[in-house]
Every structure is written in structure tokens, then in C-alpha cells.
Amino acid sequence: MSTMTKTDCFAYRENKCSILKERYCDREKCNFYRKAEAKDLKQPKKLTRAQKIFLSSKKLKPDCWMLVEETSEALIIYSKKTKKVKEVKK
């Protein structure tokens with residue numbers, strides 16, 4: 001974790017910082033920086049019926065997940081609630 005002062009934090013200078021504590025910026029918790037990193041992720045898509053059945057067989061609720069990518073070995077899915085990516089082996 002790198003520490004940044006108020007003058008180093010771009011989000012603070014733009015008055016968009018939500019986490020800045022006394023003298024440092026925690027980039028991992030700052031929503032301003034998290035949005036920029038999320039752009040690397042593909043747009044999640046709705047699951048097909050076959051994918052929903054597959055996730056149900058793996059004891060996951062299909063309503064809580066969206067598809068990021070499907071490969072021959074696994075499904076890469078995105079949680080709507082926790083905003084995290086998970087890989088489920090086929």
C-alpha cells in the first residue's frame with residue numbers, strides 16, 4: 001500500500017475523495033481510483049439458461065452473478081453484490 005499526501009492525491013484535488021484520512025490517501029478503498037481500474041474488466045453479460053443451470057449445480061445463485069467470459073475450462077463470473085470476479089471450473 002502506498003501512502004499519498006493530500007497534495008499527491010488527484011481525487012482530493014478534484015474534491016472527489018471519499019476516503020482521505022488525516023494525512024494519507026488509501027487508493028485501494030477510494031471509489032475514484034477503483035472506477036478507473038474497473039475499466040479493464042469486460043462488460044458483464046446476462047447468463048444463458050445453460051449457464052444458470054451449471055451455476056446452480058455448483059451451489060451458486062444465478063441471480064447474483066453475471067458472465068464476464070466463458071472458456072472451455074471455466075466460467076468467469078462477476079458478483080452483483082460484492083463486485084468481485086470469480087472463476088468457476090467446468
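**Exercise 1. Determine which residues of α3 are buried, and whether they lie on the same side or on opposite sides of the helix.**

Step 1. In α3 the buried residues are Gln51, Phe54 and Leu55; buried stands for under 20% relative accessible area, exposed for over 50%, and partly exposed for values in between (1.4 Å probe, protein chains only). Helices (H or I, at least four residues) and strands (E, at least two) are DSSP runs, numbered from the N terminus.

Step 2. These three residues cover an arc of only 95° around the axis, so they are on the same side of α3. The arc is that of the directions from the helix axis to the C-beta atoms.

Step 3. Arg49, Ala50, Ile53 and Ser57 are exposed on the other side of α3.

Step 4. The buried residues of α3 pack against β1, β2 and β3, where contact means heavy atoms within 4.5 Å.

A note on the model is needed here. The model is predicted: local features need pLDDT of at least 70, side-chain atom pairs count only at pLDDT 80 or more, and totals for chains, interfaces and linings use all residues. Residues are numbered from 1 along each chain as its sequence is written, and side-chain values use heavy atoms, with hydrogens and water left out.

**Exercise 2. State the order of the strands in the sheet and identify the edge strands.**

Step 1. The chain contains three helices and three strands, and its pattern along the sequence is α-α-α-β-β-β.

Step 2. The three strands form an open sheet in the order β1-β2-β3, with antiparallel pairing. The edge strands are β1 (65–70) and β3, each of which pairs on one side only. From one strand to the next, the twist averages 35°.

Step 3. β1 and β2 pair over five bridges; two strands pair if DSSP finds at least two bridges between them. In this pair, Trp65 stands opposite Ser79 in β2.

Step 4. Strand β2 (residues 74–79) also pairs with β3 (residues 85–89), over five bridges in the antiparallel sense. Here Ile76 has Glu87 in β3 as its bridge partner.

Step 5. Helix α3 (residues 49–57) lies across β1, β2 and β3 and runs at about 85° to β2. Axes are lines fitted to C-alpha atoms, for helices over the stretch in contact, and angles run from 0 to 180 degrees between N-to-C directions.

**Exercise 3. List the residues of the largest nonpolar core and name the elements that give two or more residues to it.**

Step 1. The core has ten residues: Leu47, Phe54, Leu55, Leu60, Cys64, Trp65, Leu67, Leu75, Ile77 and Val88. A nonpolar core is a set of buried Ala, Val, Leu, Ile, Met, Phe, Trp, Tyr and Cys residues joined through side-chain atoms within 4.5 Å.

Step 2. The elements giving two or more residues to this core are α3, β1 and β2.

Step 3. Leaving aside neighbours within four places in sequence, Leu47 is in contact with Lys52, Leu55, Pro62, Trp65, Met66 and Leu67.

**Exercise 4. Locate Lys59 and Lys83, and decide whether each is buried or exposed.**

Step 1. Lys59 is in the loop between α3 and β1. Although not a glycine, Lys59 has a positive phi of about 65°. At 77% relative accessibility, Lys59 is exposed.

Step 2. Lys83 lies in the loop between β2 and β3. Lys83 is likewise not a glycine, yet has a positive phi of about 65°. With a relative accessible area of 55%, Lys83 is exposed.
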